[in-house]
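Subject: Structure handover

Hello,

Here is the structure for your files. My notes follow below it.

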Protein chains: 2
Amino acid sequence: MEKLTVVKIGGNVIDNPVDFEVFLTDFSAIDGCKILVHGGGKIASDLLAELGIESKLVQGRRITDVKSLKIVTMVYAGLINKSIVAKLQSYNCNAIGLSGADGNLIRALKRPIHIDPLSGGELDYGFVGDLYEGSVNSKALFELLNSGFIPVFSAITHDGNGQLLNTNADTVSSVISTSMVNYFDTSLIYCLEKPGVLSDFEDESSVIRQINMGKYQELTQSGQIRNGMIPKLVNAFDALNKGLKEVYIGKADALPLLKEQNFGTRLILE
Amino acid sequence: MEKLTVVKIGGNVIDNPVDFEVFLTDFSAIDGCKILVHGGGKIASDLLAELGIESKLVQGRRITDVKSLKIVTMVYAGLINKSIVAKLQSYNCNAIGLSGADGNLIRALKRPIHIDPLSGGELDYGFVGDLYEGSVNSKALFELLNSGFIPVFSAITHDGNGQLLNTNADTVSSVISTSMVNYFDTSLIYCLEKPGVLSDFEDESSVIRQINMGKYQELTQSGQIRNGMIPKLVNAFDALNKGLKEVYIGKADALPLLKEQNFGTRLILE
């Protein structure tokens with residue numbers, strides 16, 4: 001099977017123009033079929049602040065009311081997405097910028113109102129979309145890849161009934177990856193600020209080169225893996241269980257090392 | 001040859017949610033291959049005002065400085081484009097939202113600094129793109145249409161060197177149309193506030209049903225066609241000369257009449 005590389009890039013790299021330009025050059029140099037999924041960065045929060053709209057985050061997730069949804073759609077699916085595409089095109093990388101609504105590529109379900117475990121009250125995330133098995137129109141995505149396009153996704157999805165939804169970009173990238181395993185030998189790359197999964201949280205040189213399921217359970221039980229990394233790893237092993245070949249976690253500026261399998265931490269099933 | 005309908009919709013319809021919803025339903029009901037090109041409406045100007053950025057228009061064209069380019073990219077290529085796509089998807093119309101940067105579909109040249117005929121000084125439109133013969137990647141656009149996608153274009157293009165450019169949506173729609181004449185029997189539909197070209201500017205019932213080149217010259221010489229309509233007609237006859245089958249000019253809410261060739265004014269060469 002042909003190889004597909006799905007790269008997720010977070011806001012911290014997007015916010016730094018120099019790092020971002022280097023990252024996009026490195027991304028465009030990846031061989032074979034590839035997909036970029038990008039987060040939002042500070043621009044959306046800055047614009048919300050400038051317009052006097054309060055940014056509400058609960059457990060790291062933005063509460064997306066009608067006004068916030070407009071802003072994140074503008075910033076993520078408009079400004080950031082199209083700026084990335086124009087840059088990639090200048091590197092001869094035939095990028096096509098997409099939201100989940102485009103080509104009905106990613107459907108989501110509006111998150112139901114939760115009961116907040118802390119207050120016991122209702123917790124409404126607003127226009128936030130959760131993905132499910134079958135969210136991704138993998139056939140249509142395959143056809144775009146097959147036509148030579150490099151899809152660049154913002155994490156805006158839709159419900160199929162005309163409603164746009166704000167979705168977690170980590171989840172978008174892992175669900176896209178697992179949906180393509182019947183078409184491609186698929187790898188997922190998370191680009192973070194950290195150089196990988198560290199055995200010593202304080203020491204950036206302590207990157208663990210490879211983690212399989214056994215090692216993962218061991219590291220979790222010993223408490224070596226910190227809070228922030230746990231959801232990424234849960235996500236990653238879930239994706240591996242669904243047929244993904246490998247997941248990498250590392251720092252954006254090390255992306256060229258991917259070629260020699262020397263990028264950050266490699267996660268595999270066995 | 002198969003039929004292709006290119007519809008251009010202006011800001012006035014976008015600004016009215018009820019009219020817009022009706023328009024999108026009507027658009028989705030058009031048979032065969034189709035493309036939608038949309039303008040911006042008031043939303044960009046409102047947002048610019050809210051952020052304290054002055055909107056500068058010269059001869060109806062926005063002066064696009066760095067900040068304005070960011071805003072129009074957000075609003076046109078993000079908010080408006082994705083809202084349209086999500087709505088069309090809910091009508092089972094497989095829309096894909098695009099800027100000219102996506103898939104390198106439309107390249108433009110940054111408009112050179114003009115000498116202002118009035119003041120004699122330099123006139124810099126900023127990040128405004130002008131289209132040229134060969135601007136549209138017609139092969140790639142044909143392939144998207146052939147794969148069953150309905151392209152929805154905002155009028156943001158790029159220069160191929162990483163720079164996004166703000167482009168006139170009327171021009172985008174006519175250049176897209178003429179670029180597709182080797183693949184399709186192509187019609188271009190301009191949706192305006194007026195029901196068509198009027199023989200009496202004051203009387204909305206005085207729509208001229210059909211205008212050919214001879215009639216057009218006659219109407220222009222007699223002064224019956226007013227200023228606002230002249231550039232549209234120049235554009236239209238230019239497109240007809242480049243192989244377009246027909247151009248229609250009419251009011252958005254009359255779009256269903258297109259089927260019985262009874263929509264607004266039909267422009268043909270002979």
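Some conventions before the rest. This is a predicted model, in which local features need pLDDT of at least 70 and side-chain atom pairs count only at pLDDT 80 or more, while totals for chains, interfaces and linings use all residues. Residues are numbered from 1 along each chain as its sequence is written, and chains are lettered from A and ligands numbered from 1 in the order in which they are written. Helices (H or I, at least four residues) and strands (E, at least two) are DSSP runs, numbered from the N terminus.

Loop residues

A:Asn92 sits in the loop between helix 4 and strand 5 of chain A. A:Asn92 is exposed, because it has 9 other C-beta atoms within 10 Å. For context, most residues other than glycine have a negative phi.

B:Gly40 is in the loop between strand 2 (33-38) and helix 3 (42-50) of chain B. B:Gly40 is buried, with 23 other C-beta atoms within 10 Å. Leaving aside residues up to four places away in sequence, B:Gly40 touches B:Gly11, B:Val72, B:Val75, B:Tyr76 and B:Ile80 (contact means C-beta atoms, placed from the backbone, within 7 Å). The C-alpha atoms of B:Gly40 and B:Ala252 are separated by 15 Å, and the two residues are 212 residues apart along the chain.

Sheets

In chain A, eight strands form an open sheet of mixed pairing, in the order 5-10-2-1-13-15-16-14 (strands pair if DSSP finds at least two bridges between them). Its edge strands are strand 5 and strand 14 (210-211) of chain A, each of which pairs on one side only. Strand 5 (residues 95-98) of chain A has A:Ala95 and A:Gly97 pointing one way and A:Ile96 and A:Leu98 the other way, and all are buried. Strand 5 and strand 10 (residues 150-154) of chain A run parallel and are joined by four bridges. A:Ala95 is opposite A:Ile150 in strand 10 of chain A, and A:Gly97 has A:Val152 as its bridge partner.

In chain B, eight strands also form an open sheet with mixed pairing, in the order 5-10-2-1-13-15-16-14. The edge strands there are strand 5 (95-98) and strand 14 (210-211) of chain B. Strand 14 and strand 16 of chain B run parallel, joined by two bridges, and B:Gln210 stands opposite B:Arg266 in strand 16. Helix 8 (residues 230-241) of chain B lies across strand 13 (185-192), strand 15 and strand 16 of chain B, at about 155 degrees to strand 15 (axes are lines fitted to C-alpha atoms, for helices over the stretch in contact, and angles run from 0 to 180 degrees between N-to-C directions).

Helix packing

Helix 6 (residues 169-179) and helix 8 (residues 229-241) of chain A pack at an angle of about 10 degrees, with their axes 10 Å apart. That makes helix 6 of chain A roughly parallel to helix 8 of chain A (under 35 degrees is roughly parallel, over 145 roughly antiparallel, 65 to 115 roughly perpendicular and the rest oblique). Helix 6 contributes A:Asp170, A:Ser174, A:Ser177 and A:Thr178 to the contact, and helix 8 contributes A:Lys232, A:Asn235 and A:Ala239.

Core and chain contact

The largest nonpolar core has 174 residues, and A:Val75, A:Val152, B:Val75 and B:Val152 have the most contacts inside it (a nonpolar core is a set of buried Ala, Val, Leu, Ile, Met, Phe, Trp, Tyr and Cys residues joined through C-beta atoms within 7 Å). Among the residues that A:Val75 touches are B:Met74 and B:Gly78.

The contact between the chains takes 34 residues from chain A and 34 residues from chain B. On the side of chain A that touches chain B, helix 4 (66-90), strand 5 and strand 11 (156-158) of chain A give two or more residues each. Helix 4 of chain A gives the most, with 14 residues.

Regards

Notes. A residue is buried if 20 or more other C-beta atoms lie within 10 Å of its own, exposed if 12 or fewer, and partly exposed in between; C-beta atoms are placed from the backbone. Two residues are in contact if their C-beta atoms, placed from the backbone, lie within 7 Å.
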